[in-house]
Amino acid sequence: MMRILVTGGAGFIGSNFVHHVIEHSDHHVTVLDKLTYAGNRASLAGLPESRVEFVQGDIADHPVVDALMSRADAVVHFAAESHNDNSLDDPRPFLETNLIGTYTLLEAARRHDVRFHHISTDEVYGDLALDDPDRFTEATPYNPSSPYSATKAGSDLLVRAWVRSFGLRATLSNCSNNYGPRQHVEKFIPRQITNVLRGVRPRLYGTGENVRDWIHADDHSSAVLAILERGALGETYLIGADGERSNVAVVRLILELMGQDPDAYDLVTDRAGHDRRYAIDATKLRRELGWEPRYRDFRDGLDATIGWYRAHEDWWGPAKDATEAFYASRGQ
Ligand code: NAD
Ligand code: TDX
């Protein structure tokens, strides 16, 4: 049994991880989350109070972080500003949370000798050409494109430096695009599902040909738990489930599954610096830790996700209008 500090545990993937840990282990969880626009306390509803404690606070707040770290065996660090489009609008919160916040956690973990797992993204590697036969591996050089991915790359390098310079007991993981329940309506898949639910046509950036490598958030969680429990210290693991699809293929599938004409979408202004394609080779994770994804059928996983949004307008409705107003101001 470990006492795990989960940062960003009221966000999309962090909350999924907390639910996963409670269901699949006997660990105790303390969530530290600032409840920014992206955090939602309701995402942790129904979990046993004896095993999940919630603390509202900032990962860049040294006294708060130090006190929580002093009573943790491990920290799993999800908290981040996570949306590329926001980072193009105002990069500052990305530097504060993703860099200064991560630094604050690293120093506290060092002081209290706490096992650290850092959550990161495949975007640190930049993008691939649509027809490139290669995929990202742990050896791919860093080449981030956006303010978001640049700060995530910086946070990864801080963790590596703390391992090398201070002997911090840490692991890192870089995962591909996640989908599933409780994802903010600003992100691609929930935005399109909730648009259709409101009678609005889905919006594709540019030509819609960009490719993302989709994994269900629950498979991300099982991989992180495996790395936390059995991963080799100092190592990086790529997490992915062979889920490459073009954005237009995803939108057409959403429309089909929701009983609409698959061509009923609009092409809108492209994202500045839009990465063309991400693709993960997760061989190391599969071979060394024996991890396998449970959600192998994207169509089924997407259908279940659509069902979740249909049933939970109370969860996503309050954020929808402000999100769409932001996109409208950008012609997207
Ligand atoms: P999210 O935006 O849904 O959630 C982020 C959470 O962090 C929110 O609950 C927010 O309140 C909290 N937070 C933000 N700033 C904070 C601060 N200063 N102090 C404390 N809490 C703070 O993000 P997500 O999509 O769940 O992503 C979680 C992590 O996974 C991030 O590190 C992201 O880079 C990484 N990741 C995401 C994806 C993806 O597809 N979404 C893929 C790979 C990696
Ligand atoms: O309305 C849209 N239309 C559209 O075509 C939106 C919101 C997005 N897109 C495109 C942009 C991307 O090619 O869809 C793709 C996915 O977009 P996002 O959901 O914004 O994700 P992405 O930029 O790929 O980054 C995601 O995966 C890696 C997460 O948001 C990051 O936190 C993670 O690191």
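Author: Helices here are DSSP runs of H or I with at least four residues, strands are runs of E with at least two, and both are numbered from the N terminus. This is a predicted model, where local features need pLDDT of at least 70, side-chain atom pairs count only at pLDDT 80 or more, and totals for chains, interfaces and linings use all residues. Residues are numbered from 1 along each chain as its sequence is written, while chains are lettered from A and ligands numbered from 1 in the order in which they are written.

Reader: OK. How many helices and strands does the chain have?

Author: Eleven helices and 13 strands.

Reader: What share of the residues is buried?

Author: Buried residues are 48% of the 332. Buried means 20 or more other C-beta atoms within 10 Å of the residue's own, exposed means 12 or fewer, and partly exposed is in between, with C-beta atoms placed from the backbone.

Reader: Switching to ligand 1. Which residues come nearest?

Author: Gly8, Gly11, Phe12, Gly39 and Ala80, out of 31 around ligand 1. A residue counts as near if its C-beta atom, placed from the backbone, lies within 6 Å.

Reader: Which element gives the most to that shell?

Author: H1, with three residues. Helix H1 (12-24), strand E2 (28-33), H4 and strand E5 (115-121) each supply at least two.

Reader: Now ligand 2. Which residues come nearest there?

Author: Ser82, Thr121, Lys187, Phe188 and Tyr205, of 16 around ligand 2. The largest share of the shell around ligand 2, three residues, comes from E8. Helix H6 (188-197) and strand E8 (203-205) each supply at least two residues.

Reader: Back to H4. Where does His112 sit?

Author: His112 is in helix H4, residues 92-112.

Reader: Why is His112 called partly exposed?

Author: Because 15 other C-beta atoms lie within 10 Å of His112.

Reader: What does His112 touch?

Author: Met69 and Ser70, leaving out residues up to four places away in sequence. Contact means C-beta atoms, placed from the backbone, within 7 Å. Ser43 is 69 residues from His112 along the chain, and their C-alpha atoms are separated by 29 Å.

How values were computed: Two residues are in contact if their C-beta atoms, placed from the backbone, lie within 7 Å.
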